[in-house]
Amino acid sequence: MRVSLFITCYNDTLFPETGKAVVHLLERLGHTIDFPPDQTCCGQMHWNTGYHREAIPIIRHFVEVFRDAEAICIPSSSCVAMIREHYHKAAVASGDHAFVAEVEALLPRVYEFSEFLVNKLGVLDVGATYPHRVTYHASCHSLRSLHLGDIPIRLLRKVRGIQLVDLPEIDQCCGFGGTFAIKNADVSSAMLADKARHVLNTGAEVCTAVDNSCLMHVYGSLHRQRTYVRTAHLAEILASQGEPAAAL
Amino acid sequence: MTTPGTTPAAGLINIAPPQVEWPQGDFPTAAHQLLKDSQLRKNVRHATNVINAKRAIVVGEMPDWEHLRDAGSAIKQHTLDHLDQYLLEFEAACTAAGGHVHWAVDAAEANRIAVEIVRRHQVSEVIKIKSMTTEEIELNHALEAAGVHPTETDLAELIIQMGHDKPSHIIVPALHKNRGQVREMFRREMNLPDLGDTPEDLADAARRYLREKFLSVKVAISGANFLIAETGGVCILESEGNGRMCLTLPDVLISVVGLEKVIPRFRDLEVFLQTLPRSSTGERMNPYNSIWTGVRPGDGPQEFHVILLDNGRSAILHDAEAKQTLKCIRCAACQNACPVYRQTGGHAYASVYAGPIGAILTPQLHQTADGRLGDGDSLPYASSLCGACYEVCPVKINIPEVLIHLRRKVVERDQGTISGLFGLWNIGMQTAAAVFESGDRLRLAQRLGRIGQIPFVSKNDFIEHLPLMLSGWTQTRDLAPLPEQSFREWWSERSDRTSHE
Ligand code: SF4
């Protein structure tokens with residue numbers, strides 16, 4: 001299959017390793033990768049912060065860039081949630097019927113990365129080896145917007161050498177929330193302190209998730225506390241074939 | 001019980017100046033102060049954990065829970081779409097049953113009507129059933145100003161009243177207090193130096209104190225959970241039974257009710273009597289469910305008033321995207337589920353409605369007629385948009401969606417002012433939007449970012465301090481610097497390589 005990647009502005013700029021892992025993995029599974037170079041951002045930051053007028057051109061740009069894609073795979077559940085929950089509304093608000101129709105046509109082709117593997121490609125065992133103690137953080141969007149359920153866990157269970165440990169209070173938000181972490185830095189930090197404590201209590205070497213935004217937040221605290229726990233996007237674990245956990 | 005040598009002040013309550021210091025300022029500032037109160041945070045965490053666990057069990061028992069949520073949501077939506085019609089139907093039915101219906105456009109008018117009724121009966125005391133609506137309009141202040149002393153009969157409300165405190169939760173207003181703190185308050189305020197500290201001791205003290213009120217006070221004031229348009233009935237759900245005492249013993253009953261509390265038919269209650277108790281207190285059913293329809297000679301209050309309160313609600317009704325706010329049945333499940341509320345408790349919201357529902361309701365209740373948000377406009381940002389509130393809401397209010405809608409209103413209002421237009425946030429967001437216009441611009445911005453970050457990267461190759469509005473991040477979190485190569489750069493390098501091979 002020809003898979004179009006939306007790597008997201010965030011991953012592109014801050015976590016290129018995740019994008020590379022997605023490419024390596026999908027190629028290993030025999031697919032052709034297309035990375036439309038004019039892609040930028042899904043518009044989530046602007047939309048969620050209330051800058052809707054500014055978000056609409058970003059949304060239009062996304063739709064134009066991916067208009068002809070067969071399937072769009074996105075390694076970020078919050079960006080997929082943005083697209084699924086708000087694009088239609090934004091298009092309707094713009095009053096442009098052609099835009100609404102294009103959004104409607106695009107939505108069924110948008111997949112979050114782990115959902116793409118399991119629901120679209122029908123694979124659970126992607127041939128990964130990752131001999132580490134790992135805990136999985138369920139991000140809010142993966143849990144409550146995309147309803148991914150245990151899809152990521154099922155993928156992880158098939159990884160050779162992995163030792164999976166449950167994260168206590170898995171359904172609690174890490175406190176990132178985009179601009180929330182800045183606008184309400186104190187509350188965000190208090191939520192993060194709880195999350196980081198739970199991660200440490202699992203004794204895991206690596207904390208993984210399907211969102212690098214949460215992982216950046218959790219790692220921010222783990223690093224400040226001078227712990228040795230690392231974070232890695234699910235794609236990096238699934239792409240791994242036994243090499244040491246990718247260092248940040 | 002009275003200690004020799006001390007004289008209890010009026011009605012056993014010591015009129016002491018408030019000792020509680022409430023946090024001031026917008027949400028982030030108030031939250032900053034409250035986060036330092038570790039006892040309060042422990043109390044809030046403990047109480048919400050207990051309620052959430054109970055709720056999960058009793059909701060889990062219901063195979064049709066999602067259908068009940070849909071049904072509750074649909075009934076409320078339908079009612080809001082025809083609110084004028086159902087309110088008039090209620091007024092007609094209530095009046096026919098012997099009640100009096102008053103319409104109050106705002107808090108001042110509602111208070112004036114209530115005080116006038118009380119004055120007409122020449123009493124100096126009233127008893128109150130727990131009601132957030134009367135908290136919203138600060139009826140107790142209005143009564144006191146008119147020389148009438150209100151006594152709260154709900155145990156938690158009584159604790160709040162005796163502590164000169166404010167409610168911090170819709171269902172459990174004193175949830176930020178623990179038993180030890182309540183005991184101290186009762187000892188002081190009821191002059192009971194020997195009071196024990198078991199739950200029974202505390203309940204006993206309150207019961208003795210309240211029983212005297214129930215038997216002697218002639219006027220009671222309540223809110224309501226539901227108004228039934230079809231029958232003109234007023235419905236109250238409660239756990240302690242103190243409300244029922246107020247509904248039956250006094251001569252006069254006044255119910256202050258928000259416009260949105262009406263439901264069309266008696267049988268619509270079927271849905272809410274299942275969802276409300278399970279969502280709010282984790283009970284299968286409330287121990288006391290009372291429906292009050294008009295007056296009957298020789299049975300219960302002989303005079304009955306309903307004050308229908310607008311106080312900003314009709315403005316919400318006219319905002320198509322925010323209208324769903326009014327579906328709320330005040331169960332507080334969203335408060336208990338909210339990770340922000342769970343850290344700060346309710347006082348940070350500076351509103352009787354705290355937590356996620358407060359974050360959307362409060363700024364809207366304060367909005368001006370032209371739809372501009374008033375006080376509390378930091379509240380729509382007091383959420384990480386994690387969605388836990390929407391997941392538990394028994395009437396399916398999409399709170400995150402309304403939060404985002406209100407954020408848009410704040411941004412558009414601020415962009416209409418010079419300071420907002422040239423504010424850091426607006427400039428930052430405009431710049432980012434311009435960067436996202438094309439892949440080339442993003443590539444350029446990534447390059448500039450790598451240069452711009454150099455002064456902030458510490459010796460250990462991490463970012464530990466950031467300037468201006470970003471400084472909040474580095475209070476407790478480090479940040480990895482931008483990697484040397486972005487994904488798009490890697491990709492184009494790789495494509496170049498493969499195309500040259
Ligand atoms: S918004 Fe929903 S969950 Fe929150 S108090 Fe209202 S009905 Fe309950």
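The report below goes from the overall build to the strands, the cores and the interface.

## Ground rules

This is a predicted model, in which local features need pLDDT of at least 70 and side-chain atom pairs count only at pLDDT 80 or more, while totals for chains, interfaces and linings use all residues. Residues are numbered from 1 along each chain as its sequence is written, chains are lettered from A and ligands numbered from 1 in the order in which they are written, and side-chain values use heavy atoms, with hydrogens and water left out.

## Chain B at a glance

Chain B holds 23 helices and 10 strands (DSSP runs numbered from the N terminus: H or I of at least four residues for helices, E of at least two for strands). Its C-alpha trace spans about 100 × 60 × 50 Å along the principal axes.

Of the 501 residues in chain B, 55% are buried (under 20% relative accessible area, with exposed over 50% and partly exposed in between, using a 1.4 Å probe and protein chains only). Looking at contacts (heavy atoms within 4.5 Å) in chain B between residues at least 6 apart in sequence, 72% link residues at least 24 apart.

## Strands of chain B

Let us begin with S2 (residues 125-128) of chain B, which pairs in the parallel sense with S3 (residues 149-152) of chain B over 4 bridges; pairing here requires at least two DSSP bridges between two strands. S2(B) also runs parallel to S4 (residues 219-222) of chain B, joined by 2 bridges. B:Lys128 takes part in both pairings: opposite B:Lys128 stand B:Glu152 in S3(B) and B:Ile221 in S4(B).

B:Thr151 lies in strand S3 of chain B and is buried, with a relative accessible area of 1%. Beyond its neighbours within four places in sequence, B:Thr151 has contacts that include B:Val126, B:Ile127, B:Leu158, B:Tyr209 and B:Lys213.

S5 (residues 226-228) and S6 (residues 233-238) of chain B are antiparallel over 3 bridges, and B:Ile228 has B:Gly233 in S6(B) as its bridge partner.

## Nonpolar cores

The largest nonpolar core has 187 residues, and A:Leu5 and B:Phe186 touch the most other members. Such a core is a set of buried Ala, Val, Leu, Ile, Met, Phe, Trp, Tyr and Cys residues joined through side-chain atoms within 4.5 Å. Helix H5 (residues 77-94) of chain A contributes the most to this core, 8 residues.

Leaving out neighbours within four places in sequence, the contacts of A:Leu5 include A:Val22, A:Leu26, A:Ile33, A:Phe35, A:Phe66 and A:Cys73. A second, separate core of 21 residues includes B:Ile113, B:Leu139, B:Ile221 and B:Ile254.

## Where the chains meet

How much area do chain B and chain A bury between them? The value is about 5,700 Å², 60% of it on carbon and sulfur atoms; buried area is the accessible area (1.4 Å probe) that two parts lose on being put together, summed over both. B:Met429, B:Phe436 and B:Phe487 lose the most area in chain B to chain A, together 13% of what that side buries. The contact takes 64 residues from chain B and 62 residues from chain A.

There are 8 salt bridges between the two chains (a side-chain nitrogen of Lys or Arg within 4 Å of a carboxyl oxygen of Asp or Glu). One of them joins A:Arg226 and B:Asp478 at 3.2 Å, N to O. Helix H20 (residues 424-435) of chain B supplies the largest share of the side of chain B that touches chain A, 7 residues.
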